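I opened my notebook to go through this structure one feature at a time. Here is what I looked up, in the order I went.

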Amino acid sequence: MSARDWIEKDFYRELGVSSDASADEIKKAYRKLARELHPDANPGDSKAEARFKAVSEAYGVLSDTAKRKQYDEARRLFGGGGGFGGGGFGGGSGGFDIGDLFNRAGAGAASSGGGAGAGGIGDLLGGLFNRRGSTTASANRPRRGEDVETDIRIDFTEAVRGATVPLRLSSPATCGTCHGSGAKPGTSPRTCATCNGAGLVTRSQGAFAFSEPCRDCRGTGRIIDDPCPECAGEGVSTKTRTLTVRVPSGVDDGQRIRLAGQGEPGRNGAPAGDLFVRVHVNPHQFFGRSGNDLTITVPVTFPELALGTTLTVPTLDGKVTLKVAPGTPSGRVLRARGKGIERRDGQVGDLLVTVQVAVPNKLDDKATEALQAYAEATREHDPRAELTAWLEQGRSS
């Protein structure tokens, strides 16, 4: 869309809201109109489709704070009527006085200490319409390649110890046939004669000149007469490549690994983007993780905790023995130092062992008799004595 087209449209009228409508009012109006005019709700209705596009375009400007501010300023400068007005650029009741416009700009420049009278207008319109003057278009400048992200899944042990994982990746890469030029081997792109390689053409509109992307070269500043057969003139083709990803020891689930320069290729000599590999770790059957400490829950019997015992506990590298003192409560965490995860700085975490009493689902007659005898022998040792006393005291008070 040209700059004049953008200014001449009354986006507030398209949405049926006032120029001072709030963001919520604009959103509400758009959603209502979008539901009514959506092509799915009006199959074959070209007028509804055109209105839907106009409403969407209006919402795209008015819902963006920066664009709405620029649009409002343009409406104020060009007569406040949503366009250039009936008098065009030459003044009159429907337009604006070009002399007044430059006088206002000149006064602003004078008060700021320099510049020609039209400087303020040039700055405003430059920001409003993204004008770049006679400089090379942004599309023709070197541009860093886009970053790429992919995912891998590894086992818990690989995350703890580190691993080397092969990765097959299909992504854009510099065309190997034309080496990024976009032209058929043996030929070269030529400078666009329409824009002289700038990528922009300037169109006069009364006292103003508006810059737009050149249609002949699509804003690139170059014409490719014989496109490369592999990439069709884009200079980039999709390739499947195999990379080796080094996963460091102690990597966390969801952590990203950066491979510099392995993303999409840059344009016009700019560097390539980066490849970010997000790591997903499969859970372990027995082990868990807390920072750099490994965790494990070991089931024990009541006699082992009451009388004390020595436990043999597995680690990722073998096993370790831990002494359980008599009278250890269920849920106590025992620590095996240095049996956890090694960090990059060389520090190693611990293995945290939680002992938990395993209650059998069913007892045979002999075990039942023995347990009843134990309960009778320890009747005086009521584990709920303090709680019972507190309850009775509370009731009496």
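**Entry 1: overview.** I began with the secondary structure and counted eleven helices and 15 strands in the protein. I keep in mind that this is a predicted model. The protein has 397 residues, and 34% of them are buried. I then looked up the accessible surface, which comes to about 24,300 Å², with 48% of it belonging to carbon and sulfur atoms. For contacts between residues at least 6 apart in sequence, I noted that 62% join residues at least 24 apart.

**Entry 2: aromatic pairs.** I searched for ring pairs next and found four aromatic pairs in the structure. One of them is formed by phenylalanine 11 and tyrosine 71, which are tilted, with 4.9 Å from centre to centre and 35° between the planes. This pair links distant parts of the chain, as phenylalanine 11 is in helix α2 (residues 11-15) and tyrosine 71 is in helix α5 (residues 65-77), 60 residues apart. I checked the burial of both, and phenylalanine 11 and tyrosine 71 are each buried.

Tyrosine 30 and tyrosine 59 gave me a stacked pair, 4.1 Å centre to centre with 5° between the planes. Tyrosine 30 belongs to helix α3 (residues 23-37) and tyrosine 59 to helix α4 (residues 46-62), so this pair ties together parts that are 29 residues apart in sequence. Tyrosine 30 and tyrosine 59 are buried as well. I also wrote down a cluster in which ring pairs link Phe11, Tyr12 and Tyr71.

While I was on rings, I looked at phenylalanine 276: the charged end of arginine 256 sits over its ring, 4.3 Å from the centre.

Entry 3: Is alanine 21 buried or exposed? I found a relative accessible area of 5%, so alanine 21 is buried. Alanine 21 is in the loop between α2 and α3. Leaving aside neighbours within four places in sequence, alanine 21 is in contact with Ile26 and Arg68. I also took the C-alpha separation of alanine 21 and leucine 62, which is 9.8 Å for residues 41 apart along the chain.

Arginine 68 has 15% relative accessibility and so counts as buried, while aspartate 72 is partly exposed at 28%.

Entry 4: How many salt bridges does a search of the whole structure find? My count is 16 salt bridges. I picked out aspartate 225 and arginine 190, whose closest N and O atoms are 2.8 Å apart. Aspartate 225 is in the loop between β6 and β7 (236-247) and arginine 190 in strand β3 (residues 190-191), so the pair ties together parts 35 residues apart in sequence. Aspartate 225 is partly exposed, with a relative accessible area of 48%, and arginine 190 is partly exposed with 41%.

Then I turned to aspartate 274 and arginine 258, whose side chains meet in a salt bridge (2.9 Å, N to O). This pair links distant parts of the chain, with aspartate 274 in the loop between β8 (256-259) and β9 (275-281), and arginine 258 in strand β8, 16 residues apart. Aspartate 274 counts as buried at 8% relative accessibility, whereas arginine 258 counts as exposed at 52%. I noted that salt bridges with shared partners join Arg144, Asp147, Arg258 and Asp274 into one network.

**Entry 5: glycine 221.** I looked up glycine 221 in the loop between β5 (208-213) and β6 (222-223). Its relative accessible area is 4%, so glycine 221 is buried. Beyond its neighbours within four places in sequence, glycine 221 is in contact with residues including Arg190, Cys192 and Cys195. I also noted that glycine 221 and asparagine 196, 25 residues apart in sequence, are 7.0 Å apart in space, C-alpha to C-alpha.

**Entry 6: a surface patch.** I ended on the outside, where Phe302, Leu363, Leu371 and Tyr374 form a nonpolar patch with about 380 Å² of accessible area together. Phenylalanine 302 is in helix α9 (residues 302-307), and I have it down as partly exposed, at 45% relative accessibility.

Key. Residues are numbered from 1 along each chain as its sequence is written. This is a predicted model: local features need pLDDT of at least 70, side-chain atom pairs count only at pLDDT 80 or more; totals for chains, interfaces and linings use all residues. Side-chain values use heavy atoms; hydrogens and water are left out. Helices (H or I, at least four residues) and strands (E, at least two) are DSSP runs, numbered from the N terminus. Buried means under 20% relative accessible area, exposed over 50%, partly exposed in between (1.4 Å probe, protein chains only). Contact means heavy atoms within 4.5 Å. Patches are made of residues with over 30% relative accessible area and no salt bridge: like charges are joined within 9 Å, nonpolar side chains (Val, Leu, Ile, Met, Phe, Trp, Tyr) within 5 Å. Accessible areas come from the Shrake-Rupley method with a 1.4 Å probe; for residues, only the protein chains shown count as cover. A salt bridge is a side-chain nitrogen of Lys or Arg within 4 Å of a carboxyl oxygen of Asp or Glu. Rings of Phe, Tyr and Trp (its six-membered ring) pair if their centres lie within 6.5 Å; planes under 30 degrees apart count as stacked, over 60 as edge-to-face and the rest as tilted. A charge sits over a ring if NZ of Lys or CZ of Arg is within 6 Å of the ring centre and within 35 degrees of the ring normal.
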